[in-house]
Amino acid sequence: MSRADRSYKDLKQKQKSAIADKTYRMYLKFYLVNQRMPTDTEKDSICRTLFTSVYALAPRTEYDEFCKIVDKREAGYKERILRDIQNGITPEKLNMKKHKKTPEEKAAVLKMKRKQRRAKRKAINKQAVENNIDQDDTFFYIAGDTSGGAPYGVTWEEMGLEPWQELEEE
């Protein structure tokens, strides 16, 4: 279906979900700034802002039809907004979600993931030693044998180890 023929109903669920998220964020931002839900004229302003992005995706969408959809969603927004505020959302936190990570932050996350993988590997190694698990040159852990008699399990390579490498290393 070409873009010119689409209405809001024809959008994919992922697109509708993105629009719904954007709508909620606008209502939340408004509430955080004004400490109240928007009036009818303010709702109209929010709808017009959102409608520009919807119209780009689905030109056959009518403004009134879209406003009805937003009105339906708005019914549950106040409870959700109050719950988010109770959980500590602030305008600063709301804007931080768009924040791109610096190289230092990315490096810290990567370091943390490596540390977690290393800890997981050590826990598996420790468990293998405690359980006196079967091993061979291919498999670090032999879970069992197929009906044909071939072993299967976790290979040394999957563990990130060389065959018969000391378990205490790393």
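Which residue lies over the face of Tyr 24? Arg 80 does, at 3.6 Å from the ring centre. The model is predicted, with local features requiring pLDDT of at least 70 and side-chain atom pairs counted only at pLDDT 80 or more, while totals for chains, interfaces and linings use all residues. Residues are numbered from 1 along each chain as its sequence is written, and side-chain values use heavy atoms, without hydrogens and water.

**View 1. Charges over rings.** Arg 80 is placed over Tyr 24 (NZ of Lys or CZ of Arg within 6 Å of the ring centre and within 35 degrees of the ring normal). The charged end of Arg 48 sits over the ring of Tyr 63, 4.4 Å from its centre.

**View 2. Packing of helices α2 and α3.** Helix α2 spans residues 40-57 and helix α3 residues 63-74 (DSSP runs of H or I, at least four residues, numbered from the N terminus). They pack at about 120 degrees with axes 10 Å apart (lines fitted to C-alpha atoms over the stretch in contact; angles run from 0 to 180 degrees between N-to-C directions). Contacting residues (heavy atoms within 4.5 Å) include Cys 47, Arg 48 and Phe 51 of α2 and Tyr 63, Phe 66 and Val 70 of α3.

**View 3. The pair of Phe 51 and Phe 66.** The ring centres are 6.1 Å apart and the planes at 45 degrees, so the pair is tilted (centres within 6.5 Å; planes under 30 degrees apart are stacked, over 60 edge-to-face, the rest tilted). Phe 51 lies in α2 and Phe 66 in α3, so the pair ties together parts 15 residues apart in sequence. Both are buried (under 20% relative accessible area, 1.4 Å probe, protein chains only).

Key:
Helix = DSSP H or I, 4+ residues; strand = E, 2+ residues; numbered from the N terminus. Phe/Tyr/Trp six-rings, centres within 6.5 Å; stacked < 30°, edge-to-face > 60°. Buried < 20%, exposed > 50% of the residue type's maximum accessible area, 1.4 Å probe, protein only.
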